[in-house]
Amino acid sequence: DDEIERERVSQRLAGGCCALAAVYLMGKFYVANAGDSRAIIIRNGEIIPMSREFTPETERQRLQFLAFLRPELLGKEFTHLEFPRRIQPKELGKKMLYRDQNMNGWAYKKIEEDDLKFPLIYGEGKKARVMATIGVTRGLGDHDLKVFSSNTHIKPFLSCFPEVRVYDLTQYEHCPDDVLVLGTDGLWDVTNDKEVASVVMEVLTSYEPNDLCRYTMVAQELVLRSRGVLKERGWRLANDKLGSGDDISVFVIPLGGPGNYT
């Protein structure tokens, strides 16, 4: 993250990205995630999550707490409080449900002038945004990212620190059908864990266990199915829902070799 900031000045390069990394070291996989990519292990048909997405919804309290401690980061345009909907001027003085950085549930408060500001976190699900700008809360770069038509920077709310999960391969017997799947949000936006596991099993069983191209073919099939087929109404999945409009990158890494088959 620091290197990207230096290049921003020295080479006038701007931008940012999420990061998902897997490191194998002394019998263990270390999976680090900063952003909204996802990693899962499929072992004997069982799905083992190896990451979680960092979004305005999942990190609401961290973002609100930072804004509470440093209100100057909100640029006098935003409030760190969350309401079920936008507050209208005519509602001043009335009671409305809200929650702050310390609350999981909701409570009532009397609406004040400051509550009319745009909320720090707005929207739900994939439409949730920090300062109405970005839908992820961890990643690298984006030092120049500002609120539209504003001088308010988003970066203080974007963390470059990943969450790391560890998987000990020595604790289990693995066969060639046990894999680690790494995918960007373009895959997971339209495909859930169970659907990915189903594709993995379907493709792997159509190849010999010692045919190493089988893992590449799984990754390719996951990309193709998530993109869909181009029709008159755009890219469509097999169920006729919209295919992924985002970039789709997938790695499928075997956890066991041919000799590990039982």
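I count a polar contact as a pair of N or O atoms within 3.5 Å, where, within protein, one atom must be able to donate a hydrogen and the other to accept it. The model I examined is predicted. With that rule I looked up the interface of domain 1 and domain 2, and found 4 residue pairs in polar contact, both residues of each pair at pLDDT 80 or more.

**Entry: domain bounds.** I took the domain assignment of the protein chain, in which domain 1 comprises 1–52 + 162–254 and domain 2 comprises 59–141. I then computed the separation of the two domain centres over C-alpha atoms, which came to 32 Å.

**Entry: contact and buried area.** I listed the contacts and found 14 residues of domain 1 touching 6 residues of domain 2. The area buried between domain 1 and domain 2 is about 780 Å², and carbon and sulfur atoms give 56% of this area.

**Entry: salt bridges.** My count for the model comes to 22 salt bridges. Between domain 1 and domain 2 I count 2 salt bridges. I also examined aspartate 189 and lysine 126, whose side chains meet in a salt bridge at 3.0 Å, N to O. I noted a further salt bridge between the side chains of arginine 8 and aspartate 144, at 2.6 Å, N to O. This pair links distant parts of the chain, the two residues being 136 residues apart. I placed arginine 8 in helix H1 (residues 2–10), and aspartate 144 in the loop between strand E12 (140–141) and strand E13 (163–168).

**Entry: lysine 94.** I located lysine 94 in the loop between strand E6 (78–79) and strand E7 (95–98). What does lysine 94 touch, not counting residues up to four places away in sequence? I found Lys109, Lys110 and Ile111. I also computed the C-alpha separation of lysine 94 and tyrosine 108, which is 9.7 Å for two residues 14 residues apart along the chain.

**Entry: annotation.** I consulted the UniProt record, an unreviewed entry, whose annotation "domain: PPM-type phosphatase" covers residues 1–255. For residues 1–255 I computed 20% helix and 26% strand, with the end C-alpha atoms 31 Å apart.

Note on methods. Residues numbered from 1 in each chain as written. Predicted model: local features only at pLDDT ≥ 70, side-chain atom pairs only at ≥ 80, totals over all residues. Heavy atoms only, no water. Domains from an automatic or database assignment. Contact = heavy atoms within 4.5 Å. Buried area = accessible area lost by both parts, 1.4 Å probe. Salt bridge = Lys/Arg side-chain N within 4 Å of Asp/Glu carboxyl O. Polar contact = N/O pair within 3.5 Å; in protein donor to acceptor, adjacent residues only side chain to side chain. UniProt positions renumbered as here; feature names shortened; annotations may be inferred. Helix = DSSP H or I, 4+ residues; strand = E, 2+ residues; numbered from the N terminus.
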